[in-house]
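Here are a few notes to read alongside the structure. Take them one at a time, and find each place in the picture as you go.

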Amino acid sequence: MTRVALDPAAVAAFLVARHGAALGDAAIDITPLQGGLCSDVALVTARLRGGARPRRVALVVKVVDGAREAAVYRRLSTSVARRFSPELLGAQRLGRRRWLLYLERIVPAHPWPWTDSAHTARVLDRLARFHGETAPGAALPAWDYEAENLAAARGTLSLAERLPRGEIPALARGMPALRRVVAALPTMRRQLLAFQPLGTTVIHGDVHPGNVMIRRRGGVAEPVLLDWARARVGSPLEDVSSWLQALGYWEPEARRRHDTLLAGYLAARGLAPALTRPLRDAYWFAAASNALAGALGYHLSIASDSRAGQPGAAYDARAAAARNAADWLRVIRRADARWS
């Protein structure tokens, strides 16, 4: 997406309309936030006049393509996810396709809470509650995710085929499995989506540490899931594997407790916490789908950027991307072994 500068006048009009108060003398402060690979995200703070005393308000503004994401947030407002997702405060159309979303600002209680395994398990508990809802597809905008996932997988394979094997050492070992998994992906996903007793439901679609915060509300620490742009109907294991694999890259304890956490999710769904062969197969098929949806391709492209050849921030990013790519290639090999 082309970067779009947020219009302070549009933001001011929304704040005045929502709060019924005039803006103070100080200008609206718009601070870009990290993340948002596919959209602009900013923190907006402003001072409002009216009432007994002036007050400051803060919210998050996001520029998106199309109205789908706003519709997703409206769907969440009628589900259990309203307890652990940002509230949609409003939406404004910018033009033919662009929209401004105004979202509740979530204040994290800790910048990195995941050294505590209890927080990791709470995220899985929230996902289990969300996944367990009835009528999962009600009011959710359509999305041909299967076609998009397959196109992304083929693009990742094409990129990997062009890269010199010496650029990313793990690639040479992973290429045969990558070719087989991409070829088998449509059938693999049909098997994943048919897996019982989990079946399909509405999923978040992009659960990783950058999209989860812990906040305190009423003295209780609770997870909040951010960025629901990829919410769709899919296998719950796509969310579960995304969370456990992404967090396990950063937290060795999460990787060591992988099976315990996965069993805990099953128990939270009211299922027997038995990690059977069919369950493990479906789990790794879900993880491979996540890898091929864009994560592996993204890290391969960064790791192979020859412009970052000298020590420095870009060089460090390239090395980190190579490690991430190797981790996702390990997932591909696991899925391939299960499929074979």
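**Notes on the model**

1. Let's start with helix α6, which covers residues 236-250. This helix has 15 residues, and the distance from its first C-alpha to its last is 22 Å, close to the 21 Å expected at 1.5 Å a residue. Of those 15 residues, 13 are buried, so α6 is largely enclosed by the rest of the structure. Please keep in mind throughout that this is a predicted model.

2. Now step back to the whole chain. The protein contains ten helices and nine strands. Its C-alpha trace spans about 70 × 50 × 40 Å along the principal axes. How does the radius of gyration fit with a compact globule? For 340 residues, such a globule would have a radius of gyration near 20 Å, and the protein has 21 Å, which agrees.

3. Buried residues account for 48% of the 340 residues. The accessible surface amounts to about 16,000 Å², and carbon and sulfur atoms hold 54% of it. Among contacts with a separation of 6 or more, 71% are between residues 24 or more positions apart.

4. Which of its residues are buried? They are Ala10, Val11, Ala12, Phe14 and Leu15. As a reminder, an α-helix has 3.6 residues a turn, so residues three or four places apart point the same way. Just after α1 comes glycine 20, with a positive phi of about 60°.

5. Alanine 71 belongs to helix α2 (residues 68-76), and its relative accessibility of 22% makes it partly exposed. Aspartate 336 lies in helix α10 (residues 313-339). Is aspartate 336 buried or exposed? It is buried, with a relative accessible area of 7%, because the cut-off for buried is under 20%. Setting aside its neighbours within four places in sequence, aspartate 336 touches Ala177, Arg180 and Val181.

6. For a sense of distance, find alanine 71 again, and then serine 306. These two are 235 residues apart in sequence, and their C-alpha atoms are 41 Å apart in space.

7. Finally, two details of the backbone deserve a look. Most residues other than glycine have a negative phi, and most peptide bonds are trans. Against that background, the bond from glutamine 196 to proline 197 is cis, with omega near 15°. You will find proline 197 in the loop between α5 (169-194) and β6 (201-203). The other detail is aspartate 227, which has a positive phi of about 55° although it is not a glycine. Aspartate 227 sits in the loop between β8 (220-225) and β9 (232-234), and at 26% relative accessibility it counts as partly exposed.

Technical notes. Residues are numbered from 1 along each chain as its sequence is written. This is a predicted model: local features need pLDDT of at least 70, side-chain atom pairs count only at pLDDT 80 or more; totals for chains, interfaces and linings use all residues. Side-chain values use heavy atoms; hydrogens and water are left out. Helices (H or I, at least four residues) and strands (E, at least two) are DSSP runs, numbered from the N terminus. The radius of gyration is taken over C-alpha atoms; the globule rule is 2.2 Å times the number of residues to the power 0.38. Buried means under 20% relative accessible area, exposed over 50%, partly exposed in between (1.4 Å probe, protein chains only). Contact means heavy atoms within 4.5 Å. Accessible areas come from the Shrake-Rupley method with a 1.4 Å probe; for residues, only the protein chains shown count as cover. The expected span of a helix is 1.5 Å times one less than its number of residues.
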